[in-house]
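Here's a quick briefing to read alongside the model.

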Amino acid sequence: VTVGSIAVDANVEAVVQVAMVSSRVSSAGGGGEGVAESGGVSDNERLTVFVCALDAAGNAQDLTTAFAVVLGDDTPPAFRIGYPAATDVDAGSFAMLLGLNEPSTAHYWLFEDDGNGGSGGNNPSAAEVAGGGGGPA
């Protein structure tokens with residue numbers, strides 16, 4: 001369990017950057033910015049955050065508000081509309097155009113078209129292509 005507090009001005013969005021690296025919690029700035037650090041957690045770990053407020057006169061909210069957070073990147077990249085594509089095609093070469101929604105490394109296998117999608121009807125999985133090798137024998 002990590003606990004912390006931060007002063008938040010009225011009608012101003014407060015930003016609290018939470019870094020899951022240690023067991024120290026700190027917040028800074030009356031303008032509504034702060035940093036909280038918590039015990040180390042695994043990538044893609046699900047957390048629930050409970051928040052409530054107390055004003056300067058001591059009036060406290062009766063209920064907490066909860067929201068969920070998933071740490072890390074748990075969404076694979078996706079091709080943008082119109083990608084992948086080929087351009088500048090001539091008798092011996094082409095340019096492959098790749099457009100993705102996040103920085104990524106693209107892997108590819110190239111097969112001569114045999115009428116079955118080019119791979120003898122056995123299309124490789126993404127894991128096979130990303131794993132390297134030369135494709136099926």
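## Overall layout

The protein chain has one helix and six strands, where helices (H or I, at least four residues) and strands (E, at least two) are DSSP runs numbered from the N terminus. Reading from the N terminus, the order of elements is β-β-β-β-β-β-α. This is a predicted model, in which local features need pLDDT of at least 70 and side-chain atom pairs count only at pLDDT 80 or more, while totals for chains, interfaces and linings use all residues. Numbering starts from 1 along each chain as its sequence is written, and side-chain values use heavy atoms, with hydrogens and water left out.

**Surface and contacts across the chain**

- Of the 137 residues in the protein chain, 8% are buried; the cut-offs are under 20% relative accessible area for buried, over 50% for exposed, and partly exposed in between (1.4 Å probe, protein chains only).
- The protein chain exposes about 10,500 Å², with carbon and sulfur atoms supplying 53% of that area; accessible areas come from the Shrake-Rupley method with a 1.4 Å probe, and for residues only the protein chains shown count as cover.
- Take the contacts between residues at least 6 apart in sequence: 22% of them join residues at least 24 apart, with contact meaning heavy atoms within 4.5 Å.

**The second largest pocket**

- Rolling a probe the size of a water molecule over the atoms shows where empty space is left.
- The search runs on a 1 Å grid over the protein atoms alone, and a pocket is an open set of points where a 1.4 Å probe fits, with protein on both sides within 12 Å along at least five of seven lines.
- The second largest pocket has a volume of about 550 Å³; grid points are joined across faces, edges and corners, and a volume is the space filled by probe spheres set on the points.
- Its lining comprises 22 residues, and those nearest the centre are Phe79, Ala106, His107, Tyr108 and Val129; a lining residue has an atom within 4 Å of a point.
- Strand S5 (85-87) and helix H1 (126-130) are the elements that give two or more residues to this lining, and H1 makes the largest contribution with three residues.
- By class, the lining splits into 19 nonpolar, three polar and no charged residues; here Ala, Val, Leu, Ile, Met, Phe, Trp, Tyr, Cys and Pro count as nonpolar, Asp, Glu, Lys and Arg as charged, and the others, Gly among them, as polar.

**The aromatic pair**

- Rings of Phe, Tyr and Trp (its six-membered ring) pair if their centres lie within 6.5 Å, with planes under 30 degrees apart called stacked, over 60 edge-to-face and the rest tilted.
- That rule gives a count of one aromatic pair.
- The rings of Trp109 and Phe111 have centres 6.1 Å apart and planes at 65°, so this pair is edge-to-face.
- Both partners are partly exposed, Trp109 at 21% relative accessibility and Phe111 at 30%.

- Arg46 sits in strand S3 (residues 46-51) and is exposed, with a relative accessible area of 64%.
- Beyond its neighbours within four places in sequence, Arg46 is in contact with Val69 and Val70; the C-alpha atoms of Arg46 and Val69 are 5.8 Å apart, although the two are separated by 23 residues along the chain.
- Ala66 belongs to strand S4 and is partly exposed at 44% relative accessible area.
- With neighbours within four places in sequence set aside, Ala66 is in contact with Thr48, Val49 and Phe50.
- Ala66 and Val51 are 15 residues apart along the chain, with 6.3 Å between their C-alpha atoms.

- Most residues other than glycine have a negative phi, and most peptide bonds are trans.
- The peptide bond from Tyr83 to Pro84 is cis, with omega near -5°, and Pro84 lies in the loop between strand S4 (65-70) and S5.
- Asp88 has a positive phi of about 50° although it is not a glycine; look for Asp88 in the loop between S5 and strand S6 (95-97), where it is exposed at 60% relative accessible area.
- Gly82, in the loop between S4 and S5, is exposed at 56%, and its C-alpha lies 8.1 Å from that of Gly99, 17 residues away along the chain.
- Pro76 is found in the loop between S4 and S5 and is exposed at 59%; Pro76 and Glu102 are 26 residues apart in sequence and 8.9 Å apart C-alpha to C-alpha.
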